[in-house]
Amino acid sequence: MYDRFGLLINGEWRGSSDQSTRTVVNPATEAIIGSVPMATEKDAEAALISAQQAFEGWRNEDPRVRSEKLRKVSGILCQRAEEIAGILSSETGKPLPESLAEVQAAAEQFEWYADETRRVYGQIIEAGNRQTRMQVIYEPVGVVAAFSAWNFPLLLPARKIAAALAAGCTVIIKPASEAPGSCMALLQACTDAAINRGAINLLTGNSDFLSRILINSPVIRKISLTGSARVGKCLLHLAADRITKVSLELGGHTPAIVFRDANPVLAARQLAASKFRNCGQVCVSPSRFFVHESLYQVFTDEFVRCVNQLRLGNGIDRDVTMGPLISSGALDTALALIEDAVAGGANILAGGRRAAEYPQGFFLQPTVLGNVSDKTRIMSEEPFAPIAPITTFSDYDEVLTRANRLPYGLAAYLFTDQLTTAVRASSDIEAGMVGINDVSLASAEMPFGGIKESGFGREGGSLGIHEYLHAKFIKTRLM
């Protein structure tokens, strides 16, 4: 699959300087898909030189020209959607409709930032006298080191690359080792759209090794990561030595609160669909379900009914609606969380076991747990898996305290038919994004990101481009 790709440095695909490689495995079959290069220090240095040399030319490109090129990337992605979706499903196991939707979402990022590149507005500040002029302008920060996760291996790089290029920055992207192919296809689309040679570069290999080389380089002026809190903290420590600008999206443990006045059936349908998308491996997926005690039975009945309609299997099969977990380690972790929850008093309402019909692949039955105690691991550790832990609450103050008790704050979902409850709860919940009677929080025009240990900075929307710009104040005295 990767024969026509590899490392992209200065506009050319190549192998690693020492010809070392690593294999990529299909999580649905455990078969080896192919091998990708393991970048060396020499390769990383070449990428740094490439991005640095390309920066002046790209930042000075007419914004209208940058806009046209980004829009062309969007069109190429749409033209190649079937091919790229096939790569996505092979590497992650996710169903083809989800992979096709991810390609469309990636294309929309480039379409959005094709417009934003022409809308980097400054500010005129009124001075205290007629001899002084004051203004703020925005300039690209420089070369960006971007690191992305495997659960959305095309969309996550697209968010970073589109915004960075729109701002006038150049990029070195390190895609997820588990699923690098779709990111490679994205960079090929950028190359075919005539993005300046060297403005985008790609390195595959050991993440820890490459991050240290890139972040310690004076060439890098901005770091963008989508990953775990553990990795985010490590990168922050590295960035602190050079005081490098950083934005982090580190996942969370998203509460979904179904208040007493909500429609429990409609809430259950939306939340079930959101929870089991991409086999539950979604950072904004609802992962702690707080249902008012008066609605619990109706909600769980409908939720389990929806879950029982899911069809488990290899994502490349057209009728499959839920694929495998990404690895054997992820499967083992999920099973351990279920075991701990049951030991703590939870009831298994659906699933709960490895899927016996798939001896190959990392398949877990879609699982629903009822009456889950807050003291169990699954209510404190994000279950990046198709497991829905449901618990009850009795009053507003109680549930907000429980929902806010963790150090994470990426997203939250609130279901209520009362305007007062919606306004009050959306203010009281500690999250960077809140959905009220809605679970769709990710699109090109929305600012995506969290608070607390879920990170800082925003991707998408009109705020996203400012992560790749710095403000310059200019004061002029007329003589």
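Q: Which residue forms a salt bridge with lysine 452?
A: In this predicted model, local features need pLDDT of at least 70, side-chain atom pairs count only at pLDDT 80 or more, and totals for chains, interfaces and linings use all residues. Residues are numbered from 1 along each chain as its sequence is written, and side-chain values use heavy atoms, with hydrogens and water left out. A salt bridge is defined as a side-chain nitrogen of Lys or Arg within 4 Å of a carboxyl oxygen of Asp or Glu. The closest N and O atoms are 2.6 Å apart in the salt bridge of lysine 452 with glutamate 430.

Q: Where do lysine 452 and glutamate 430 lie, and how many residues apart are they?
A: Helices (H or I, at least four residues) and strands (E, at least two) are DSSP runs, numbered from the N terminus. Lysine 452 belongs to strand β20 (residues 451–452), while glutamate 430 is in the loop between α13 (419–428) and β19 (433–436). The pair thus links distant parts of the chain, with a separation of 22 residues.

Q: Is glutamate 302 buried or exposed?
A: Glutamate 302 meets arginine 269 in a salt bridge of 2.9 Å, N to O. This pair links helix α10 (residues 296–308), which holds glutamate 302, with helix α9 (residues 264–275), which holds arginine 269. Buried means under 20% relative accessible area, exposed over 50% and partly exposed in between (1.4 Å probe, protein chains only). Arginine 269 is partly exposed at 40%, whereas glutamate 302, at 10% relative accessibility, counts as buried.

Q: Which side chain of opposite charge is nearest to arginine 159?
A: Arginine 159 is located in helix α5 (residues 155–167). Lys and Arg count as positive and Asp and Glu as negative, with His and the chain ends not counted. Arginine 159 is buried and has no salt bridge; at 4.2 Å, the nearest side chain of opposite charge is glutamate 459.

Q: How far apart in space are proline 140 and histidine 470?
A: Proline 140 lies in strand β6 (residues 132–140) and is buried, with a relative accessible area of 10%. In sequence, proline 140 and histidine 470 are 330 residues apart. Their C-alpha to C-alpha distance is 6.4 Å.

Q: What is the radius of gyration of the chain?
A: The chain has 14 helices and 22 strands. The radius of gyration is taken over C-alpha atoms, and the globule rule is 2.2 Å times the number of residues to the power 0.38. For 479 residues this rule gives 23 Å, so the chain is as compact as a globular protein of that length, its radius of gyration being 23 Å.
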